[in-house]
Amino acid sequence: MTRKGWCPGALRPMPAGDGLLLRVRPHCSRLDPDQGTGLVRISESFGNGQLDLGSRATLQLRGVREGSLPEVHRRLQALDLLDPDPRVEARRNIMTTPFWREGDGTLELVRRLEEALLNAPDLPPKFGFAIDTGECPALQGASADIRIERSGKDLLLRADGMARGERVEPQAAMARILELLNWFASCGQARMAKAVAAGIVPALHADAAPDPQAPLDEILRAAPLLFAPFGAVTSQILAELTDSALRLTPWRAVLPEGHARSELWLTDPSHPLLRVSACIGAPGCASSSIETRALARDLAAIVPEGRHLHVSGCGKGCAHPAPAHVTLTGREGRFDLVLNGPAGGKPALCGLTGIDIPDMMRGHLGS
């Protein structure tokens with residue numbers, strides 16, 4: 001297995017510098033206690049004990065040995081964490097708001113969407129869905145191509161990139177989504193927002209705008225979230241919480257359904273380490289020529305509140321695809337510095353070493 005760089009799944013793992021990477025997509029972005037415990041045991045027995053919280057409310061197992069895949073798949077299937085085949089798995093890229101309430105219809109919408117996607121066309125690898133129908137909207141800044149939201153008491157179907165969406169009844173929503181997917185599959189685009197920006201607009205009625213979302217920092221402060229710097233956790237850290245069901249989020253944090261607490265997780269969303277994103281870097285990723293997270297930790301203290309630093313091992317920007325105030329992109333053992341752009345963007349400075357970077361950063365992040 002030599003190909004690198006695709007969007008991995010559990011059935012289609014990706015080789016990394018530390019072994020195979022398996023991305024697990026829990027139904028409704030939720031792990032019950034048995035599933036959490038089972039993933040801890042799989043990570044300890046067949047991986048390297050390292051896990052990642054993804055930016056689409058997923059969880060990744062790291063360091064899995066290729067010879068262990070059949071047993072890992074058997075255990076994931078027993079935990080209801082495995083899809084029937086890789087094509088279904090790739091389409092079931094659904095992010096569920098962590099703020100749903102029992103009986104508000106959110107979980108039923110997710111189940112209906114999962115069933116509908118069994119008959120959907122194949123979609124680009126990063127194409128995804130957001131079910132943002134909790135008490136308050138929370139996912140408008142998260143990466144998704146088709147969104148189910150609320151506008152007052154109504155359900156709203158919205159294509160990413162469009163300010164307004166189409167009011168739909170719950171019973172009719174999935175048929176409309178399949179129509180939208182068949183249209184998108186024929187238009188030759190990779191992401192919905194890029195299609196809309198290019199004037200390739202789906203035939204959705206612009207009935208209403210979604211309910212406005214509060215600033216994300218207010219949402220994060222108000223919720224009892226537990227954050228993992230860089231989204232990185234160990235099996236032991238995850239095991240601290242498995243007495244409770246866990247709702248995964250796009251903020252590399254979990255929302256326990258009980259009163260789980262651990263000193264190994266961060267609870268303050270304004271913590272300096274949460275102003276920095278960094279991929280695993282070298283040697284954990286074969287695409288990276290440079291170590292990332294130690295540098296990111298060292299630099300976190302000089303990142304002002306309200307600013308974001310992204311340290312990327314290469315130009316792909318897996319840890320933070322969006323622009324950041326400052327992005328350091330690894331290239332041939334050194335870093336390029338990008339201002340207000342993503343990894344791989346046009347650099348303002350090239351060939352920086354770890355010694356050069358702190359003084360450069362103070363000037364650019366303070367401005």
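How much accessible surface does the chain have, and what percentage of it belongs to carbon and sulfur atoms? The accessible surface comes to about 16300 Å², and 51% of that area belongs to carbon and sulfur atoms. Accessible areas come from the Shrake-Rupley method with a 1.4 Å probe, and for residues only the protein chains shown count as cover.

The structure is a predicted model, in which local features need pLDDT of at least 70, side-chain atom pairs count only at pLDDT 80 or more, and totals for chains, interfaces and linings use all residues. Residues are numbered from 1 along each chain as its sequence is written, and side-chain values use heavy atoms, with hydrogens and water left out.

The secondary structure of the chain consists of 10 helices and 19 strands. Both are DSSP runs numbered from the N terminus, with helices (H or I) of at least four residues and strands (E) of at least two. Along the principal axes, the C-alpha atoms fill a box of roughly 60 × 45 × 40 Å.

Of the 367 residues, 53% count as buried. Buried means under 20% relative accessible area, exposed means over 50%, and partly exposed lies in between (1.4 Å probe, protein chains only). Among contacts (heavy atoms within 4.5 Å) between residues at least 6 apart in sequence, 61% join residues at least 24 apart.

His 73 lies in helix H2, residues 69-78, and is buried because its relative accessible area is 17%. Leaving aside neighbours within four places in sequence, His 73 is in contact with Ala 10, Leu 11, Leu 22 and Leu 82. Glu 114 lies in helix H4, residues 106-117, and with a relative accessible area of 16% is also buried. Not counting residues up to four places away in sequence, Glu 114 touches His 27, Cys 28, Arg 92 and Ile 94. Glu 114 and Ala 144 are 30 residues apart in sequence, and their C-alpha atoms are 15 Å apart in space.

Cysteine pairs were examined next. A disulfide is a pair of cysteine sulfur atoms within 2.5 Å, and by this rule the count is 0. The sulfur of Cys 136 has its closest cysteine sulfur in Cys 28, at 19 Å, which is too far for a bond. For Cys 318, the closest cysteine sulfur is that of Cys 314, at 5.8 Å, also too far for a bond. Cys 136 counts as partly exposed at 46% relative accessibility, whereas Cys 318 counts as exposed at 54%.

Some backbone features were also recorded. Most residues other than glycine have a negative phi, and most peptide bonds are trans. Ala 57 has a positive phi, near 60°; this residue is in the loop between strand E4 (50-53) and strand E5 (59-64) and is buried at 3% relative accessibility. Arg 252 has a positive phi near 55° and lies in the loop between strand E13 (246-248) and strand E14 (253-256). Its relative accessible area is 18%, so Arg 252 is buried. A cis peptide bond, with omega about 5°, joins Ala 282 and Pro 283. Pro 283 lies in the loop between strand E15 (276-278) and helix H9 (293-300).
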